[in-house]
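The sequence and the model follow.

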Amino acid sequence: MHKLGVKPGRNDPCPCGSGKKYKHCCALQPAAMPPPQILSPREIGALVELVDHDRLSEAQFKASALLAIHPNAGILWKILGVALMRQGRDALQALRRTAELMPHDAEAHGNLGSALHDQGQWAEGLASLRRALAIQPDDVAALVDAANAMKELGRAREAVPLYQKALQLKPGLIEAQNNLGNAFLALGQCDEAVACYRRALEIQPDDAEVHCNLGNALRQLGALDEAMASSRRAITLDPALSVAHNNLGLILAALGQREAAVASFRQALELNPGYVEALNNLGNVLRDLGDRREAASLYTRAIELDPKRAESHCNLGQVLFEFRRIDEAAASYTQALGLQPDYALAHLSLGTARRLQGRAAEAQASCQAALAIEPNYVEALTLLGELRADRGQFSEAEELFQRAIAIDPEFPFAFCSIAAHRKMTGEDTAWLQGTEALLAKPLPLGHEISLRYAHGKYFDDLRQYDQAFSSYRQANELTKRYGSNFDGAKLTQRVDEIIQSFDAPFMRRCQARASPSELPVFIIGMPRSGTSLTEQILASHPAVFGAGEVTFWDGAFVAYKKAGLKSEAGANLLPGMASDYLDRLTALSGQALRVVDKLPANFLYAGLIHAAFPQARIIHMRRHPIDTCLSIYFQNFFNMGPYANDFDNLAHYYGEYVRITDHWRAVLPAATLLEMPYEALIEDQEFWTRRVLDFIGLPWDPKCLNFHQTDRLVITASKWQVRQKINAASAGRWRNYEKFVGPLRPLMELYPNAR
């Protein structure tokens, strides 16, 4: 805008600074005969001429000199402000003073509003522009600037009529036509946006920005080929237009061409390293390709550049969640919601984290919040179904999964959840056709992995074992693309270190500082060895609370090791460690006499656990090694280490597990450790249940035999199985896959009576 008009209204204060109204002052005096010491129209005209001829620094100097004589001359402040603005210098002080001295001058308010607009001070700028429009309603430039400010303030709906009025007054104004399209796009009215951009291109066919915006709107309408053409045209017209490269990346990602999308996003960032949207988009596509580490660094950089952008915090939370850093992920989602309370994805993601934290009520509340924002949000419906399944409400869960598929037949996780929570049959042809249609398309890595595991489960249920194994193998090979490598030598070194440090004499020496509590009961063993089943049986006893997998001892061991293994400083940590752990258990369990922690990997820390709780009982579940390893290989674990995706790595891990549990058998008191064969438990449940209850010091209760009817929260992969009556179908399952398990066969020598 930056207008400079010199003639005030007859009732305005005279610009000469005399304090009189213009009609009683300079309007009545000949221009050639100004009163002494009063600013003349000729002086004003000379300054205006300097501005009009772009002699801006000269105009600035002379206006400043005259202001020393006439400090209240609004017209001088106006000329000074415009001269400064056109030089790109800070003009706000001059423009504010102009508006104070010339309150009825539309241009004074318009110039101030324009300057505030240019500096991103949208709210204050809009207030000035509205004052200008109140005086001069048909000022096209003020209409456009006011509409722009409204759009930036998130008030796109109010901006639309202002753009439309400007275009009625000046139909060929390309800025208003383009920005009206942007406002419609912000409102989700993509068809109207496309029409605006096409009209803008009729005015100016080679405008790169408008071609770029048209491509973005067409992409959102799903017209990807047209969108691609528009975006490429924009890049041809202006190769340095970073937003066009970003939009092209979004189109390529939508077409499943993720490697090409990465190149486009990188080009956008090369042109504009501080482009926060491109940082997020590149991070998202890299996550889809399995490169979580670079994605995390990109999201972190985006947050550094713009800490108030909720999307960046939510995206960082997603990758932290995938790294199994659940508490940190929940903190990121919470921060995103603090910035944008109506952010449905952040509500959903927080619900997913709360579920894994065992906070089911909060998880449900987050789901409902997401659905209140987006009633057909299939991700939230599926999570709600998972929460129902956690409670054993499998029929209600499947209704929700089917509802999600009816809304979006291309949402893979609803299909996967159906397969996970019941036995599939030959009648599930619609399910099979739906998943096969999805697998025929280019999918994000995580989506394809989940569907391959689900196909494995489907074919295993139908006893089509060759097809099942092929699907499971594809799922595991794809999972390796996430780049997490198993370091077998490092695990061996760690086991060596633990065995050397936790010997019987050392643990006896620690007992003076140990907790006498009998509250904790630990179930350890390999994953998929029956730990969830045993917990479910025990949690059916009225005096027992099943806490699930309590993540504590891995961190405790790190702190203990840092203080010094077998050192006095390390031993001094034990009382505080025990107190912190008991606080965690009692917060979960209320008045229970026993609390079960069934985190299988605690087999590494049984010595540290015994040093802290010598009266605690440890149940070691053992299962046929090949059945165990196959079951791990067949499961899409969220929190499993990279050893799970390769038979050689599984064999190595299992061997180290045997080595350290053999050590605990040798050094822990017999009254502390009970070893229970999984196969024996399913063969004679009552005998082993009585034995376990006696081991943990509780009387017999028949409810333990009806464990499958117990109403409690179970969020492990075995939540469907533990709610079925015991059967022997899972024992000896490996024989169905005997021709595939060569690398696992040597493990049979490590398990008594394996056959």
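In this predicted model, the buried residues of helix 29 are T531, S532, L533, T534, E535, Q536, I537, L538 and A539. That is nine of the nine residues in the helix (residues 531-539), so helix 29 is largely enclosed by the rest of the structure.

Helix 12 (residues 224-237) has 14 residues, which at 1.5 Å a residue should span 20 Å; the end C-alpha atoms are 20 Å apart, in agreement with this. Buried in helix 12 are L224, A227, M228, S230, S231, A234 and I235. Viewed down the axis of helix 12, these buried residues lie within an arc of 165°, so they line one face of the helix. Their cover includes helix 11 (208-220) and helix 13 (242-254). The exposed residues D225 and T236 sit on the face of helix 12 turned away from its buried side.

| Core | Number of residues | Residues named |
|---|---|---|
| Largest nonpolar core | 112 residues | W431, W553, L608 and L744, those with the most contacts inside it |
| Second, separate core | 62 residues | including L167, C212, V276 and L286 |

In the largest nonpolar core, with its 112 residues, helix 34 (residues 647-667) gives the most, with 10 residues. W553 is among the residues with the most contacts inside this core. Leaving aside residues up to four places away in sequence, W553 touches F522, M577, Y581, D597, N602, Y605, L608, I609, A612 and F613.

Note on methods: Residues numbered from 1 in each chain as written. Predicted model: local features only at pLDDT ≥ 70, side-chain atom pairs only at ≥ 80, totals over all residues. Heavy atoms only, no water. Buried < 20%, exposed > 50% of the residue type's maximum accessible area, 1.4 Å probe, protein only. Helix = DSSP H or I, 4+ residues; strand = E, 2+ residues; numbered from the N terminus. Expected span 1.5 Å × (residues − 1). Arc of directions from axis to C-beta. Contact = heavy atoms within 4.5 Å. Core = buried A, V, L, I, M, F, W, Y, C linked by side-chain atoms within 4.5 Å.
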